[in-house]
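Student: Please take me through one part of this protein in close detail. I would like to see how it sits in the whole.

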Amino acid sequence: MPLTSYSLLVFLSVFTLLFGSSSALAQQGSIREAIEEGNKQWSAALSRGDSAGMAALYTPNAQLFPTHSDIVSGTEAIQKFWQGVITSGVRGATLTILEVDGQGDTAYEVGRYALTGAGGQVLDNGKYVVVWKREQGQWRLHRDIWNSSMPMSGH
C-alpha cells in the first residue's frame, strides 16, 4: 500500500517527535556531564587552594551571590573572594547535583554542598543554584548563588 502524502506527513511528524526528543534528552545528558566535569574541576581547584583556577571556571562577567555578603562581580573579585574562603580554612567541597536543565548555551544546576576544613570537618552545608553559560564551546559558571542550611551562630 503506497504512502499517501498525509500518511507520510504523519510518519515524519511522529519520527521527528521520537528522535527529536531523544536528541534533546541526549543534549540534556551532555549538559549534565559537562556540569559534572566543571564541578570536579572547581572542587579540585578548591582542594589545591587554587583561587585563580577556580575563578578561571567562571565567565568573565560572572557574579557570585554569597550568603551574608554583597554581589561579587568579575574574575578578579571572584578570585579574591575564593582566596578569602581558602584562607579562612576551607579545604574541600562536596557538590551534589539535584537537577540540571538547559536550552542552547544556557543551563541551570540546583544542588547541595558541604564545605570541609582540615581533617574533613564539615564547616558549612547548604544549597545552591548555578546558571551556566557555554562560551566558545566551554561550559562556565555565570551566576553562582548559595546559602547555608546551618543555623546562624551567636543568635
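Tutor: What follows looks closely at one helix, then at the core and the sheet.

This is a predicted model, in which local features need pLDDT of at least 70 and side-chain atom pairs count only at pLDDT 80 or more, while totals for chains, interfaces and linings use all residues. Residues are numbered from 1 along each chain as its sequence is written, and side-chain values use heavy atoms, with hydrogens and water left out.

First, the setting. The protein has 3 helices and 6 strands. Helices (H or I, at least four residues) and strands (E, at least two) are DSSP runs, numbered from the N terminus. Along the sequence they follow the pattern α-α-β-β-α-β-β-β-β. Of the 155 residues, 31% are buried. Buried means under 20% relative accessible area, exposed over 50%, and partly exposed in between (1.4 Å probe, protein chains only).

The part to look at is helix α3, residues 75-87. Its 13 residues should span 18 Å at 1.5 Å a residue, and the end C-alpha atoms are 18 Å apart, so the two agree. The expected span is 1.5 Å times one less than the number of residues.

Which residues of α3 are buried? They are I78, W82, V85 and I86. Seen down the axis of α3, the buried residues fall within an arc of 100°, so they line one face of the helix. That arc is taken from the directions from the helix axis to the C-beta atoms. The face turned away from the buried side carries exposed residues: E76, K80 and T87. After α3 comes G89, with a positive phi near 115°.

Now take I78. Leaving out residues up to four places away in sequence, I78 touches A55, Y58, A62, Q63, L64 and V72. Contact means heavy atoms within 4.5 Å.

I78 also belongs to the largest nonpolar core, which has 29 residues. Such a core is a set of buried Ala, Val, Leu, Ile, Met, Phe, Trp, Tyr and Cys residues joined through side-chain atoms within 4.5 Å. The residues with the most contacts inside this core are W42, Y58, I78 and W82. Elements giving two or more residues to this core are α1 (5-48), α2 (51-55), β1, α3, β3 (92-103), β4 (106-116), β5 (122-135) and β6 (138-148). The largest share, 5 residues, comes from α1.

Next, the sheet. The 6 strands form an open sheet in the order β2-β1-β6-β5-β4-β3, with mixed pairing. The edge strands are β2 (72-73) and β3, and each pairs on one side only. Two strands pair if DSSP finds at least two bridges between them.

Start at β1, residues 58-65. β1 and β6 run parallel and are joined by 4 bridges. Here Y58 stands opposite L141 in β6. β1 and β2 run antiparallel, with 2 bridges. In that pairing, Q63 stands opposite S73 in β2. These two strands form a hairpin with 6 residues between them, and H68 in the turn has a positive phi of about 55°.

T59 lies in β1. How accessible is T59? Its relative accessibility is 0%, so T59 counts as buried. Beyond residues up to four places away in sequence, T59 touches T75, K133, E135, R140, L141 and H142.

The other strands pair as follows. β4 and β5 run antiparallel, joined by 11 bridges. Y113 stands opposite G126 in β5. The hairpin of β4 and β5 has 5 residues between the strands, and G119 in its turn has a positive phi of about 75°. β3 and β4 are also antiparallel, with 11 bridges. Q103 has T106 in β4 as its bridge partner. In this hairpin, 2 residues lie between the strands, and G104 takes a positive phi near 65°.

Finally, the whole again. Among contacts between residues at least 6 apart in sequence, 50% join residues at least 24 apart. The accessible surface is about 9,400 Å², and 58% of that belongs to carbon and sulfur atoms. These areas come from the Shrake-Rupley method with a 1.4 Å probe; for residues, only the protein chains shown count as cover.
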